Amino acid sequence: MYKIDNKEYPCCTSVTMKFIGGKWKAVILHHLIGGAKRYNELKKSIPTITERTLSLQLKQLEEDHIVNRRVYTEKPPLMVEYTLTDFGKTLLPVLEAITTWGIAAPGLSVKKIIRN
């Protein structure tokens, strides 16, 4: 049993999924692997995510110390940039494994998966 913020998790996999679970977190993190991205860059690179969902997921990732949010206020317009934290970078092997599996899945699956 694992405990994070007074919430219990039955196994190590559930701990991992607490941080990257859901439809969009791993996708957002995948786009941050290459370095810092602004909010609009993320939105453009993930066109099927809604702005509300992107905003909420980024806030959760920030609260979990996976993503760092930096606000630049020196000159207008306001600029916000997101990067992986050192803790977030520890997820790179997991994200790379997910990516590798996703690339291979169309050729392995019994279900029809079409890569556009």
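Asn6 is exposed, with 71% relative accessible area (exposed means over 50%, buried under 20%, partly exposed in between, using a 1.4 Å probe and protein chains only). This is a predicted model, where local features need pLDDT of at least 70 and side-chain atom pairs count only at pLDDT 80 or more, while totals for chains, interfaces and linings use all residues. Residues are numbered from 1 along each chain as its sequence is written, and side-chain values use heavy atoms, leaving out hydrogens and water.

**The β1–β2 loop**
- Asn6 sits in the loop between β1 and β2, and its phi is positive, about 65°, although it is not a glycine.
- Asp5 is in that loop too, between β1 (2–4) and β2 (7–9); strands here are DSSP E runs of at least two residues, helices H or I runs of at least four, numbered from the N terminus.
- Asp5 has a positive phi near 50° and counts as exposed at 69% relative accessibility.

**Glu81**
- Glu81 belongs to strand β5 (residues 79–84).
- Glu81 is buried but has no salt bridge, with Arg70, the nearest side chain of opposite charge, 5.5 Å away (a salt bridge needs a Lys or Arg side-chain nitrogen within 4 Å of an Asp or Glu carboxyl oxygen).

**Helix packing**
- Helices α2 (residues 25–32) and α4 (residues 51–63) pack at about 75°, with axes 10 Å apart.
- That makes α2 and α4 roughly perpendicular (65 to 115 degrees; under 35 is roughly parallel, over 145 roughly antiparallel, the rest oblique).

Technical notes: Lys, Arg positive; Asp, Glu negative; His and termini not counted. Axes fitted to C-alpha atoms, helices over the stretch in contact; angles between N-to-C directions.
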